[in-house]
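Biologist: I'd like to learn how to read helix packing in a model. Could you walk me through it?

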Amino acid sequence: MAAVSHTEATNLTSPSSNNNGSSSSSTFSISPVTLQKLPHLKDYIPQQGLKTQPNPLEHNPFYHPSQGFYISHSDVVLRHIVFDLSESFPSPASSIAYQRAGPRDRIFFDPSQTRAAIVTCGGLCPGLNTVIRELVVALWDLYGVRQIFGVKAGYRGFYSSEPVELNPKLVHSWHNKGGTMLETSRGGFDLQKIVDGIQDHHFNQVYIIGGDGTMRGAVNIFDEIRRRKLNVSITCIPKTVDNDVGIIDRSFGFQTAVEMAQQAISAALVEAESAVNGIGLVKLMGRSTGHIALHATLSSRDVDCCLIPEMEFYLEGKGGLFEFLEQRLKENGHAVLVVAEGAGQDIIPRTDAQKEERDESGNPVFLDVGGWLKSELKKWWARNHQNELLTVKYIDPTYMIRAVPANATDKLYCTLLAHSAIHGVMAGYTGFVSGPINGIYAYIPLEEVAQSKNGVNTNDHKWAWVRSVTNQPDFMKV
């Protein structure tokens with residue numbers, strides 16, 4: 001492993017040259033990588049206020065720690081692992097590394113004095129109950145924590161209701177249920193009241209499960225706790241069915257959502273094939289990114305056109321959506337159209353009041369692109385194909401998809417996320433997010449994740465693969 005530095009960037013040199021000036025392609029030197037500093041309680045709490053003790057996993061009957069079991073400060077995960085050896089590389093941005101997730105040999109919390117809080121915020125997502133369950137079970141069984149509480153109704157629950165005490169027996173079957181047994185809500189973010197609630201209930205570990213808006217709130221909570229110099233560790237487990245959280249490989253619930261989207265697409269195909277000039281229109285989740293629509297299209301292979309927020313499209317004229325669909329109807333007698341909820345928002349007519357409307361989290365309120373497309377399709381057909389049949393069946397499975405339990409893959413992923421978060425918190429880290437980077441679990445500064453986005457790159461091979469499957473136009477006006 002290369003040496004690690006907080007200030008230096010990795011430089012992979014060009015191939016070493018032999019005496020005659022030719023290069024040897026087998027030797028490269030690696031200098032230190034830039035390790036992103038991970039916040040720790042000892043950064044702002046006096047040393048005498050922190051006591052450490054050996055990790056109780058040392059004596060846990062289910063573990064037999066051996067050499068290499070515990071993660072050290074020098075164990076890191078590289079953010080970027082693909083380089084072009086023909087170029088001068090890497091740049092400082094491409095040499096970033098993060099602390100590897102996992103148990104440390106010393107912990108900063110006495111399990112007998114630990115009071116952990118778990119809260120879910122924002123919309124539903126497959127796997128929420130699995131994460132809650134695994135946090136409770138792992139805190140209880142691995143570290144011997146006996147004071148674990150669920151905060152109900154999102155952020156407002158810290159100051160509006162009493163927490164619910166949790167234990168492994170209570171949460172035993174929660175992973176088989178959809179939604180969140182702790183209840184959730186949007187909004188309700190009152191920073192002073194939330195941190196006051198954390199203090200009043202003597203919580204010293206807070207596990208926050210939520211999406212980008214929730215994480216931005218968690219950054220503020222972390223900053224306020226640090227300002228008050230509280231011995232409280234904050235961690236966030238990123239939750240977004242849209243898979244739009246940056247840096248990490250993917251967010252939990254995403255694979256379940258793609259799997260469930262297949263059922264809606266299959267139903268749309270049946271409806272379309274069973275009608276004269278039938279169009280099956282499916283709206284899938286994806287406010288700012290089209291990952292679910294993209295992956296569902298690739299998995300299904302029954303989709304004729306996929307519309308996502310990252311790709312503009314237009315309806316009328318040469319190269320437009322209507323021309324393409326008309327051709328498909330002539331060729332096959334039916335068509336299946338998948339659209340992400342955030343696609344086409346800039347071309348849907350709306351009033352001034354609608355332009356200013358925001359939801360409880362402060363996000364712009366999106367209009368129903370599926371309902372709008374259905375209406376526009378019927379108007380277009382009536383104008384250009386009088387006395388000809390057209391059937392448009394619109395399917396919106398949004399709430400069905402996000403309310404189901406996680407599938408097997410996501411359940412396993414939720415477990416690993418929960419365990420990673422607990423190991424980091426017990427080691428005294430705070431203000432961080434756990435997640436896999438290139439398949440290896442790491443700890444990432446919370447603020448960095450909250451500011452990142454994972455959009456669909458419409459210039460890469462995956463989007464080209466979508467277009468090759470659907471044969472849809474690129475909707476570039478000429």
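Modeller: Happy to! Keep in mind that this is a predicted model. Let's begin with H5 and H6, whose crossing is right-handed.

Biologist: How is such a pair described?

Modeller: Two packed helices are described by the angle between their axes and the distance between the axes. Here, H5 spans residues 254–273 and H6 spans residues 291–300; they pack at about 60 degrees, with axes 9 Å apart. H5 is therefore oblique to H6.

Biologist: Which residues in H5 and H6 meet?

Modeller: From H5 come Phe254, Ala257, Val258, Ala261, Gln262 and Ile265, and they meet His291, Ile292, His295, Ala296, Ser299 and Ser300 of H6. By class, that contact has seven nonpolar residues, five polar and no charged ones.

Biologist: At what angle do H3 and H4 pack?

Modeller: Helix H3 (residues 191–200) packs against helix H4 (residues 212–227) at about 60 degrees, and their axes are 10 Å apart. Angles from 65 to 115 degrees count as roughly perpendicular, so H3 and H4 are oblique to each other. Their crossing is right-handed. On the H3 side, Leu191, Gln192, Ile194, Val195 and Ile198 meet Asn220, Ile221, Glu224 and Ile225 of H4. Six nonpolar, two polar and one charged residues make up this contact.

Biologist: What does UniProt list for Asp212?

Modeller: An unreviewed UniProt entry lists Asp212 under "binding site". Asp212 belongs to helix H4.

Biologist: Which residues does Asp212 touch, leaving aside those up to four places away in sequence?

Modeller: Asp212 touches Asp244 and Lys453. With a relative accessible area of 23%, Asp212 is partly exposed.

Definitions and conventions: Residues numbered from 1 in each chain as written. Predicted model: local features only at pLDDT ≥ 70, side-chain atom pairs only at ≥ 80, totals over all residues. Heavy atoms only, no water. Axes fitted to C-alpha atoms, helices over the stretch in contact; angles between N-to-C directions. Helix = DSSP H or I, 4+ residues; strand = E, 2+ residues; numbered from the N terminus. Parallel < 35°, antiparallel > 145°, perpendicular 65-115°, else oblique. Left-handed = near helix turned anticlockwise from the far one by under 90°. Contact = heavy atoms within 4.5 Å. Nonpolar A, V, L, I, M, F, W, Y, C, P; charged D, E, K, R; others polar. UniProt positions renumbered as here; feature names shortened; annotations may be inferred. Buried < 20%, exposed > 50% of the residue type's maximum accessible area, 1.4 Å probe, protein only.
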